[in-house]
Amino acid sequence: DNYDNDGDGITAKKYSRDFLIKFSEQCTDLPEDFEISADIAEAVMSANFNSSHIVERDSY
Amino acid sequence: SRQSTAAVVHQPHPLEHSWTFWFDNPSAKSKQAAWGSSIRPIYTFSTVEEFWSIYNNIHHPSKLTVGADFHCFKYKIEPKWEDPICANGGKWTTIFQKGKSDTSWLYTLLALIGEQFDNGDEICGAVVNVRARQDKIALWTKNASNEAAQLSIGKQWKELLDYNETIGFIIHEDAKKLDRGAKDRYKA
């Protein structure tokens, strides 16, 4: 239904904006493996994110 | 598939491409001289659900500090002129009043990850530049000499954003040589 089939049996994963937006409210937690270095966390992350994802080391 | 609500929650929806968010704040560089280049990858995602998990926890353009650049590029393409895939490309740019780019940024991201462009293979990624007086969103593409593909992308992007001003396409090679003197190669 949400996939377009190009006739060759190859499925191009096309999703409309309306379809994608339906998933927004279900996905509020960061991925478990997400890490952000402490020096840019404040600049990048919104206020209420879970700070257990902050790492002290530089990402390089 | 009417009973699909529960299934939808549990089965991730794979994207056609993996995408990487990158953050850069060149104006902060002086404080952190040791960084060298200040651009850094934030996270690479490959499903609809991962996209939202990140997007819902990061600042949107109106909350980023002045000078910040936030990128979303196909995995393994670096948002730099020097990247081998970007090197022969260029970019379309839309301009917004200060703090008014959030919706267009989201719609641009959704069009990219949802593969809404007819010439999607030509796309490298998108960047939002937060500046003192305005926000800019640019869409980077690969083969600047492919006029038909670039015009198609520019026109489709304007429709997706409901953006009515004329937009210009600048070739990276011109921007490198001429900086701000680079002229629009195409208009849409």
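The questions below concern a predicted model, its cavity and the interface of chain A and chain B.

Q: Why is the meeting of B:Glu16 and A:Lys13 called a salt bridge?
A: The side chains of B:Glu16 and A:Lys13 meet at 4.0 Å, N to O, and because the rule asks for a side-chain nitrogen of Lys or Arg within 4 Å of a carboxyl oxygen of Asp or Glu, the pair counts as a salt bridge. The count between chain A and chain B is 2 salt bridges.

Q: Which elements of chain A supply at least two residues each to the side that touches chain B?
A: They are strand 2 (11–12), helix 1 (17–21), strand 3 (36–37) and helix 2 (38–44) of chain A, and helix 2 gives the most, with 5 residues.

Q: How do you know how many residues of chain A and chain B are in contact?
A: Contact means heavy atoms within 4.5 Å, and by that rule 36 residues of chain A are in contact with 31 residues of chain B. The area buried between the two chains is about 3100 Å², of which carbon and sulfur atoms give 59%.

Q: What makes B:Trp19 a lining residue of the largest cavity?
A: A lining residue has an atom within 4 Å of a cavity point, so B:Trp19 is listed in the lining, which also includes B:Lys74, B:Glu115 and B:Phe117. By class, this lining has 5 nonpolar, 2 polar and 2 charged residues, and about 40 Å³ of space lies in the cavity.

Terms used:
Residues are numbered from 1 along each chain as its sequence is written. Chains are lettered from A and ligands numbered from 1 in the order in which they are written. This is a predicted model: local features need pLDDT of at least 70, side-chain atom pairs count only at pLDDT 80 or more; totals for chains, interfaces and linings use all residues. Side-chain values use heavy atoms; hydrogens and water are left out. On a 1 Å grid over the protein atoms alone, a cavity is a set of points where a 1.4 Å probe fits but cannot get out, and a pocket is an open set with protein on both sides within 12 Å along at least five of seven lines; lining residues have an atom within 4 Å of a point. Grid points are joined across faces, edges and corners, and a volume is the space filled by probe spheres set on the points. Ala, Val, Leu, Ile, Met, Phe, Trp, Tyr, Cys and Pro count as nonpolar, Asp, Glu, Lys and Arg as charged, and the others, Gly among them, as polar. Buried area is the accessible area (1.4 Å probe) that two parts lose on being put together, summed over both. Helices (H or I, at least four residues) and strands (E, at least two) are DSSP runs, numbered from the N terminus.
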